[in-house]
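Let's take a walk through this protein together. Keep the sequence and the 3D view side by side as you read.

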Amino acid sequence: MTFRLFDAPQAEPSQFVGFAGNVIDRQAEKRSDESANTALSDPSARLLLMGGGRILLKFNGDAVASSYFPLAEAKALGADVRDAVLLGVDDNGPVLAVSVVVEDEGLPESIKAVDYRSVYMQNLVDAGALGALAQGASLLAWHASHRFCGKCGQPSEMRIGGYKRVCTACATEHFPRTDPVAIMLTVTRDRCILGRGRHFPPNMYSALAGFIEPGETIENAVRRETFEESGIRLGRVVYHASQPWPFPYSLMIGCFGEALDENITPDTAELEDCRWFDRAEVLSMLDKTHPTLFTPPPGAIAHHLIRAWAESA
């Protein structure tokens with residue numbers, strides 16, 4: 001058995017996917033119940049304003065928009081900062097995220113409410129801001145869906161800058177959740193399996209994916225989901241990269257799986273289509289020279305899985 005750590009690249013593949021460019025120092029060891037208020041009192045504090053799956057962006061004629069607002073401007077746009085979540089500190093000062101009621105009407109001309117997916121797909125902000133968006137969106141979504149204690153049903157309150165909720169009745173502590181999702185490319189030496197989900201854009205094919213269940217290893221989740229969706233059994237499974245995915249608070253865990261057979265039996269309840277693709281066809285889909293089909297955009301971990309295999313020959 002070889003030890004692969006010292007043969008690994010200095011920059012792991014996860015650094016090159018969308019939502020992974022977060023440069024905020026989370027300062028987890030310094031969090032206290034006063035962390036958010038202390039950060040808000042800092043004149044350099046900047047806020048992300050989010051609500052309903054959208055974020056407010058400032059467009060000032062530059063190619064890249066700004067997603068950060070000073071405290072006074074945030075309040076003028078309706079932000080109630082009492083429940084602001086402290087993301088951490090970057091080179092410019094504290095960064096927080098706060099929920100707002102996002103309405104297009106009444107916004108200044110230079111400010112637009114843009115859905116998270118469009119921000120990522122259209123490269124509207126830089127990599128660091130996109131990573132901060134993923135952190136803030138995931139935390140705010142968790143708080144919105146966990147306002148009551150899962151043990152006794154009574155209201156809970158935010159603590160330590162947004163990284164814990166405590167029940168007001170039974171004092172049970174609740175912590176932010178991350179839902180792990182296996183996304184996998186099943187391959188042979190010369191072919192890979194791609195599928196079409198029913199919600200996909202027309203003509204797009206991607207890697208298969210599914211949630212990892214309790215008590216399950218990543219590798220076994222990859223094997224189970226691949227068999228459930230394609231009928232293909234896998235042998236070896238290797239990890240490739242991961243991606244924060246704020247829809248609402250997932251972590252995509254990308255793997256390659258070794259196909260032990262080639263007879264696909266697709267799950268028609270979940271997939272419109274699932275089939276083998278050879279390397280030449282996949283490369284044309286990646287490079288947008290295929291006459292009809294294409295893969296997910298470069299920011300998606302699926303794109304990186306597919307390209308890593310297609311260019312490995």
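We will look at a strand and its partners, then a pocket, then a helix.

This is a predicted model, in which local features need pLDDT of at least 70, side-chain atom pairs count only at pLDDT 80 or more, and totals for chains, interfaces and linings use all residues. Residues are numbered from 1 along each chain as its sequence is written, and side-chain values use heavy atoms, with hydrogens and water left out.

Start at strand S10, residues 179–187; strands here are DSSP runs of E with at least two residues, helices are runs of H or I with at least four, and both are numbered from the N terminus. Of the 9 residues in S10, 8 are buried, meaning under 20% relative accessible area with a 1.4 Å probe, protein chains only. S10 runs parallel to S14, joined by 9 bridges, and Met184 has Cys255 as its bridge partner there. With S12, S10 pairs in the antiparallel sense over 4 bridges (pairing takes at least two DSSP bridges).

Now find the largest pocket: an open set of points on a 1 Å grid over the protein atoms alone, where a 1.4 Å probe fits, with protein on both sides within 12 Å along at least five of seven lines. Its space is about 930 Å³, a volume filled by probe spheres set on the points, which are joined across faces, edges and corners. Its lining has 35 residues, each with an atom within 4 Å of a point. Arg117, His199, Phe200, Met204 and Trp245 lie nearest the centre. S12 gives the largest share of the lining, 4 residues.

Finally, helix H6 spans residues 279–286, and its buried residues include Val282 and Leu286. Just after H6, Lys288 takes a positive phi of about 60°.

Key
Buried < 20%, exposed > 50% of the residue type's maximum accessible area, 1.4 Å probe, protein only.
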